[in-house]
Amino acid sequence: MHSEEKHIDISPEIGRELLAYADMLGKSPSAIVEDALLAYFDAMGKELAQKSLSAESAQTNLSYDEFWDGVDI
C-alpha cells in the first residue's frame with residue numbers, strides 16, 4: 001500500500017456475513033475479500049470492454065447508403 005494507508009469501511013452486516021462465510025469455508029476474511037474483488041474486477045472489466053465495443057460499433061455502424069449520402073463523385 002502507499003505510505004498513507006487508507007482503510008475501507010464496510011457495514012456491520014457485511015462484516016458479520018464475511019466472518020460467517022470465513023468460518024464456514026475455513027478461509028481468512030482477507031482471502032474472501034480478495035477473491036470477491038478479483039471476481040468483481042473481472043466482471044467490471046468485461047462490462048466496460050463490452051460498453052466500449054458497443055459505443056465504437058454505434059459510431060461506425062453506417063449502412064452503405066448512410067455512408068455515401070450527400071457525397072457527389
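## Model confidence

The protein has a mean pLDDT of 85, with 85% of its residues at 70 or more; pLDDT is the predictor's confidence in each residue, from 0 to 100. This is a predicted model, in which local features need pLDDT of at least 70 and side-chain atom pairs count only at pLDDT 80 or more, while totals for chains, interfaces and linings use all residues. Residues are numbered from 1 along each chain as its sequence is written, and side-chain values use heavy atoms, without hydrogens and water.

Among the elements, helix H1 (residues 12–25) has the highest mean pLDDT (97) and helix H3 (residues 64–68) the lowest (73). Helices are DSSP runs (H or I, at least four residues), numbered from the N terminus.

## Salt bridges

The whole structure holds four salt bridges, each defined by a side-chain nitrogen of Lys or Arg within 4 Å of a carboxyl oxygen of Asp or Glu. One of them joins the side chains of Glu13 and Arg16 (3.9 Å, N to O). These two residues are separated by about one helical turn because they lie three residues apart in helix H1.

## Nonpolar surface patch

Val33, Leu37, Leu38, Tyr40 and Phe41 make a nonpolar surface patch of about 480 Å². Leu38 belongs to helix H2 (residues 29–60). Patch residues have over 30% relative accessible area and no salt bridge; nonpolar side chains (Val, Leu, Ile, Met, Phe, Trp, Tyr) are joined within 5 Å, and like charges within 9 Å. Accessible areas come from the Shrake-Rupley method with a 1.4 Å probe, and for residues only the protein chains shown count as cover.
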